[in-house]
Amino acid sequence: MDTLVINADGLPVSLLPISAVSWKEAILYLYHDKCDVLEWYDDWVVHSANWETHVPAVIMLKTYLRRNSEVRFSKNNVYLLDTYQCLYCGTKVNNTTATMDHVIPLSKGGKTKWDNIVTACSPCNTKKEDKTHMKPMYMPYKPGYYELVRKRKQLPFQLKHDSWSRWLGLDEEIHATA
């Protein structure tokens with residue numbers, strides 16, 4: 001996504017995932033007077049038959065959008081909770097090398113929910129199979145929204161525009177510009 005969306009209170013609508021929209025959606029928000037532009041892409045201009053405009057890099061909504069503070073169960077949020085680390089051996093993993101493991105296997109009555117799923121590397125997941133002999137470093141639990149936001153801010157971000165780090169409240173050293 002190309003345009004960061006800031007809520008009417010000056011904070012991002014979401015960090016899980018980052019609230020961003022395509023440049024086309026941003027232009028529609030602008031056209032329908034639903035936002036103000038805070039930052040523009042200096043070198044990105046779009047044209048139509050009758051007009052041209054720079055593409056917004058950051059927009060602020062004119063109406064406050066209520067945040068959802070409920071944490072959604074997802075593969076990426078499980079990895080984030082475990083800080084992309086196998087909870088059996090401690091190996092760092094990424095989105096392609098990580099797997100989700102049922103602490104109590106499905107075959108033994110385990111469920112696919114926050115308090116039974118941990119991040120595991122493929123070798124540990126294969127080694128554990130459908131047994132309960134391996135124990136994670138800590139038992140899984142449902143995290144709070146702000147706990148996940150704090151953990152997300154510790155990881156690198158791919159930012160489309162330099163100004164995003166300021167609006168996201170990030171330290172300059174922890175992000176990489178796309």
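Two strands count as paired if DSSP finds at least two bridges between them. With that in hand I looked up the hairpin: strand 3 and strand 4 form one, with 4 residues between them. I note that this is a predicted model.

**Entry 1: the sheet**

I went through the pairing of these two strands. Strand 3 and strand 4 (residues 52-61) run antiparallel and are joined by 8 bridges. I picked out two positions. Asp36 has Met60 in strand 4 as its bridge partner, and Val37 stands opposite Ile59, also in strand 4.

**Entry 2: backbone exceptions**

I checked the backbone for exceptions, bearing in mind that most peptide bonds are trans and most residues other than glycine have a negative phi. The bond joining Leu16 and Pro17 is cis, with omega about -5°. Pro17 sits in the loop between strand 1 and strand 2.

Thr83 is not a glycine, yet its phi is positive, about 50°. I placed Thr83 in the loop between helix 2 and strand 5 (98-102).

**Entry 3: the largest pocket**

I looked up the largest pocket next and noted a volume of about 530 Å³. Its lining comprises 20 residues. Which of them lie nearest the centre? They are Leu15, Pro17, Ile18, Asn76 and Arg152. Pro17, listed here, is also the residue joined to Leu16 by the cis bond.

As for secondary structure, helix 2 (75-81) and strand 7 (157-159) each supply at least two lining residues. Helix 2 gives the most, with 3 residues.

**Entry 4: the second largest pocket**

The second largest pocket has a volume of about 330 Å³. I counted 19 residues in its lining, and Val13, Ser14, Leu16, Pro17 and Asn68 are the closest to its centre. Leu16 and Pro17, the two residues of the cis bond, are both in that list. The lining divides into 11 nonpolar, 4 polar and 4 charged residues.

**Entry 5: confidence**

I finished with the pLDDT values. The protein averages 91, and 96% of the residues score at least 70. Where is confidence lowest, and where is it highest? Strand 8 (residues 175-177) is lowest, with a mean of 45, and strand 6 (residues 117-121) is highest, at 98. The pLDDT is below 50 over residues 172-178. I noted that this stretch still has 16 contacts in the model beyond near neighbours in sequence.

Notes
Residues numbered from 1 in each chain as written. Predicted model: local features only at pLDDT ≥ 70, side-chain atom pairs only at ≥ 80, totals over all residues. Heavy atoms only, no water. 1 Å grid on protein atoms, 1.4 Å probe; cavity = no way out; pocket = protein on both sides within 12 Å on 5 of 7 lines; lining within 4 Å. Points joined across faces, edges and corners; volume = space filled by probe spheres on them. Nonpolar A, V, L, I, M, F, W, Y, C, P; charged D, E, K, R; others polar. pLDDT = per-residue confidence, 0-100. Contact = heavy atoms within 4.5 Å.
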